[in-house]
Amino acid sequence: MKLLGSIVLLLVLGSALAYKSYSGYQVLKTAPLTPAAMPYVNRLSRRFDFWGTPHVGRPATVMVSPEDAPIVIAAFNRMRISHEVSVADLGPEVERERAENEALRLALPRKPRVAAYDRYMTFEEIDAHIHETVDANPDVASILDLGLSYEGRELHGIKLSNGAAGQKSVWFDCAIHAREWIAPPVCLRIIDEVLADPALRDLADWYILPVANPDGYSYSHTDERFWRKTRRPNEGSSCVGTDPNRNFDFLWDGVGDFCSEVYPGSSAFSEPECGAIGNFVSSNADSLVLYVAVHSYGELILYPFGHTVEPVPNVDDLIAAGTASADAIEAVGGTRYSVENSAAGLYFTFGASDDYAYGIGAALYSYTYELSGGGSGGFNPPASAIQTVVDEVWPGLKTLVEYSLAN
């Protein structure tokens, strides 16, 4: 064990020059937000890195650098938003997480065709797992080839089907925001369950994309833990990347700061990853019934739209399906997900993937799932939490699929 610890320490130290230090970074947590505070929080979120979705009635969490901390604290004081320091120094927390991940990777090497739920898998491991799964199950599984990311990584998912013609279809994507590591295990669990149960394949064709932002996800493992965006450079700026969940061609909002965590891109579908997903959704609009984007964190099941609280035509069905899903999740371990309109918390978004799938008429049931959080701020639950999250969420997703296909 001492030898393993020494190896891990050397690996961490050897990559320290490349990996961003979060030394001195703080995590601030507000009191539950009031409706009056939301316009100010919306503006702040365009410049500073809010974790999770700011929401009326819930605390907001924001990560700040040593330079930005006084600015954000002053803004909170000016707005009379009560707050506290949730994490005084994020640096040691990140280093502990890295050391744990390296130790688990060495102690628990990946097994062919077996998804790991006891540690976080890298993009390369997930991609290899998808290909091995398809090779081992050629009668029901095939590669979903969506092309390449900006940096040339394969944007590969998996299709699971009984092969029957005229099947309805359902879609799941995970980790479109790079730092949300808890999301890909959920997509991998879906694959495991559908492979094992022919009845699920008789319901629909299943399309699952475990890593929707492969460049960003890889970068968050190798260089910067809390990286959120894509990795395509922005012309005329040193700030890299676009928020992929603001880049879809539905009410795309072209106003933004290159350096903002929610920068929507130079144009709708400027990011090849988003364009590839959008093209699939629009090309399969006749068969697609359900679209689910898996995010973290917040224990929320969100339905369209993100830009308005005005109800969509089938809002009752969306709420009923979401509530059935939430009930199934709660039945596992008592965790209650809240079913809400995406804009209900008065935090407005434009160009989101679920709004696109619904807005163009492709999927009458379209949702964002915000998983349970954990760790020092929410985005970094320990590896020991993975199994609990996937165990409780899968019954809810299965229930959602069954409801949406039956109605």
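## A right-handed link

The torsion about the S-S bond of Cys239 and Cys259 is about 80 degrees, so this disulfide is right-handed. In this predicted model, local features need pLDDT of at least 70 and side-chain atom pairs count only at pLDDT 80 or more, while totals for chains, interfaces and linings use all residues. Residues are numbered from 1 along each chain as its sequence is written, and side-chain values use heavy atoms, with hydrogens and water left out.

Let's look at this pair again. Cys239 and Cys259 are joined with their sulfurs 1.9 Å apart, and a disulfide here is a pair of cysteine sulfur atoms within 2.5 Å. The link connects distant parts of the chain: both Cys239 and Cys259 sit in the loop between helix H8 (214–222) and H9, 20 residues apart. Helices (H or I, at least four residues) and strands (E, at least two) are DSSP runs, numbered from the N terminus.

Is each partner buried or exposed, or something in between? Buried means under 20% relative accessible area, exposed over 50%, and partly exposed in between (1.4 Å probe, protein chains only). Cys239 has 18% relative accessibility and so counts as buried, whereas Cys259, at 41%, counts as partly exposed.

## The other disulfide

How many disulfides does the rule give? The count comes to two. Cys174 and Cys187 form a disulfide too, with 2.2 Å between their sulfur atoms. This link is right-handed, with 90 degrees about its S-S bond. Cys174 belongs to strand S7 (residues 169–174) and Cys187 to helix H6 (residues 183–196), so the pair ties together parts that are 13 residues apart in sequence.

Cys174 counts as buried because its relative accessibility is 0%. Cys187 is buried as well, at 0% relative accessibility.

## A cysteine without a partner

Counting bonded cysteines along the chain, the disulfides follow the pattern 1-2, 3-4. Cys274 is in no disulfide, and the nearest cysteine sulfur, that of Cys174, is 15 Å away. With a relative accessible area of 1%, Cys274 is buried.

## Helix H9

Cys274 is one of the buried residues of H9, along with Glu273, Ala276, Ile277, Gly278, Phe280 and Val281. An α-helix has 3.6 residues a turn, so residues three or four places apart point the same way.

What span should the 12 residues of helix H9 (residues 272–283) have? The expected span is 1.5 Å times one less than the number of residues. For H9 that should be 16 Å, and its end C-alpha atoms are 16 Å apart, which agrees.
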